Amino acid sequence: MHVSPTVNGTTQAHDVEPRLLLVHYLRDVVGLTATNVGCDTSSCGACTVLLDGESVKSCTVLAVQADGAEIVTVEALARDDELHPVQQAFRENHGLQCGYCTPGMVMAALSLLREHPDPTEEEVREGLEGNLCRCTGYHNIVKAVLAAAGMPGATGVRA
Amino acid sequence: MIPAPFDFVRASSVDDALAALAEHGDEAKLLAGGHSLLPLMKLRLATPAVLVDVGHLGELSYVEDGGDHAAIGALTRHRALETSDLLRREAPILPAAAATVGDPQVRHRGTLGGSLAHGDPASDLPAVALALRATMVVRGPQGEREVPADEFFRGFLETAVGPDEMLTEVRVPKVAGAGWAFEKFTRRSQDWAIVGVAAVHNGSTGVALVNMGPVPLRATAVQAALAAGATAADAAAVADEGMDPSADLHADADYRRHLARVLVRRALERAGA
């Protein structure tokens with residue numbers, strides 16, 4: 001089946017099997033491997049990307065459902081050596097340990113900040129309920145998102 | 001995990017979707033947000049031969065003022081329920097419960113109609129539909145029919161929607177000013193409720209339970225006790241009467257019965273019943 005989503009600003013065109021999951025489409029067909037497969041059961045959020053501006057778990061979306069949609073993965077955030085404000089905040093606040101959940105965490109945080117530009121700590125904790133960090137490094141992740149909220153351009157994507 | 005192969009039909013309208021269902025019959029399943037169906041397909045617990053995708057149909061994504069009720073398009077996503085001013089004003093239990101479904105990513109994709117038509121007794125919104133005494137609008141080859149919430153849930157993952165029909169709208173009575181509560185107990189915030197309860201007190205009281213049997217259930221014993229003048233505490237003591245909850249990894253049947261009694265008491269007290 002033919003699909004033509006826009007991924008990180010570039011229009012794609014591929015023939016795919018209807019059962020192909022969006023996360024596998026992004027990783028194996030488009031070649032963007034920053035988005036991780038974690039639990040593969042829509043629990044952990046490692047595969048979170050933006051679909052038409054909102055966070056979704058790409059292991060629970062078919063590539064054919066994203067035909068014509070606008071997808072943003074974590075690869076689109078940094079520009080050359082300049083990190084996106086959310087990435088910068090994760091770095092400065094040590095918001096990662098092993099790093100496996102980080103791409104999904106950053107995308108979930110970006111979506112959260114779009115819905116709550118000035119969140120309380122409770123809103124951040126609840127807003128990240130769909131993302132698991134098995135290093136249990138939540139405290140610094142929450143600090144990072146709260147720090148990012150005060151940074152210019154935190155909700156923007158330049159792709 | 002990869003679903004078994006299937007054919008994919010992207011419906012261009014409700015009529016187009018109904019035509020596809022008529023053509024493929026029992027072999028076809030409607031796909032809305034996919035957050036109930038796709039996990040089952042990945043586990044090969046569901047293997048439909050054809051998926052008819054309706055998730056993108058804007059014509060069924062709306063919350064409108066229907067006079068004495070709010071009319072909600074079946075493909076309205078949980079996030080849109082959460083943020084609807086009309087619903088916050090006229091039926092606040094629905095946006096409040098929608099805000100506790102899964103997690104933000106799930107709420108960005110999942111739809112009201114998809115959740116109800118899936119008929120999972122562990123889902124939150126079927127109990128809310130029962131407590132609110134919502135009406136489902138179902139469209140099929142013979143036209144449109146209305147099904148009260150009490151007649152909608154027929155068996156485990158089975159509803160009144162026939163294989164050639166589609167749930168198109170949910171009508172929720174306006175209950176501005178009514179007391180209400182939605183309580184659920186989960187091990188992790190994003191999990192399905194081990195037990196949940198929806199209560200709406202608007203003169204009489206509607207009470208329904210999540211995950212206390214094979215279908216979303218009305219707590220008839222509680223409602224009867226309240227109607228006969230029982231206190232909230234006394235009515236809650238019969239919350240599990242006539243119910244046959246299942247046992248699983250998270251809870252045995254007795255624990256579910258205990259949770260039902262505790263959560264119903266809390267819900268009735270909060271709802272002012």
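Author: H2(A) passes H3(A) in a right-handed crossing; a crossing is right-handed if the near helix is turned clockwise from the far one by less than a right angle, and left-handed if anticlockwise. This is a predicted model, in which local features need pLDDT of at least 70, side-chain atom pairs count only at pLDDT 80 or more, and totals for chains, interfaces and linings use all residues. Residues are numbered from 1 along each chain as its sequence is written, while chains are lettered from A and ligands numbered from 1 in the order in which they are written.

Reader: Thanks! At roughly what angle do the axes of H2(A) and H3(A) cross?

Author: Helices (H or I, at least four residues) and strands (E, at least two) are DSSP runs, numbered from the N terminus. Axes are lines fitted to C-alpha atoms, for helices over the stretch in contact, and angles run from 0 to 180 degrees between N-to-C directions. Helix H2 of chain A covers residues 85-92, and its axis comes within 10 Å of that of H3(A), with a crossing angle of roughly 125°.

Reader: Which word describes how H2(A) and H3(A) lie to each other?

Author: Angles under 35 degrees count as roughly parallel, over 145 as roughly antiparallel, 65 to 115 as roughly perpendicular and the rest as oblique. H2(A) and H3(A) are therefore oblique.

Reader: Which residues of H3(A) make the contact with H2(A)?

Author: Two residues are in contact if their C-beta atoms, placed from the backbone, lie within 7 Å. On the H2(A) side the contact is made by A:Val86, A:Gln87 and A:Phe90, and on the H3(A) side by A:Thr102, A:Val106, A:Ala109 and A:Leu110.

Reader: And what classes of residue make up the contact of H3(A) with H5(A)?

Author: The axes of H3(A) (residues 102-115) and H5(A) (residues 138-149) come within 11 Å and cross at roughly 45°. A:Met105, A:Ala109, A:Leu112 and A:Leu113 of H3(A) meet A:Ile141, A:Val145, A:Ala148 and A:Ala149 of H5(A). Ala, Val, Leu, Ile, Met, Phe, Trp, Tyr, Cys and Pro count as nonpolar, Asp, Glu, Lys and Arg as charged, and the others, Gly among them, as polar. By class, this contact has no polar residues, no charged residues and eight nonpolar.

Reader: Which element gives the most to the side of chain A that touches chain B?

Author: Here 23 residues of chain A are in contact with 22 residues of chain B. Strand E6 (54-57) and H3 of chain A are the elements that give two or more residues to the chain A side. The most, four residues, comes from E6(A).

Reader: Which strand gives the largest share of the side of domain 1 of chain A that touches domain 2 of chain A?

Author: Chain A has domain 1 (2-76) and domain 2 (85-149), with bounds from an automatic or database domain assignment. Their centres, taken over C-alpha atoms, are 21 Å apart. The contact takes 15 residues from domain 1 and 13 residues from domain 2. The largest share of the domain 1 side, three residues, comes from E5(A).

Reader: Over in chain B, which strands stand at the edges of the sheet?

Author: Three strands of chain B form an open sheet in the order E1-E3-E2, with parallel pairing; two strands pair if DSSP finds at least two bridges between them. Each edge strand has a single partner strand, so one side of each is left without a neighbour in the sheet; these are E1 (7-10) and E2 (28-31) of chain B.

Reader: Lastly, which residue in E3(B) is the bridge partner of B:Arg10?

Author: E1(B) and E3(B) (residues 50-53) pair in the parallel sense over four bridges. The partner of B:Arg10 in E3(B) is B:Asp53.
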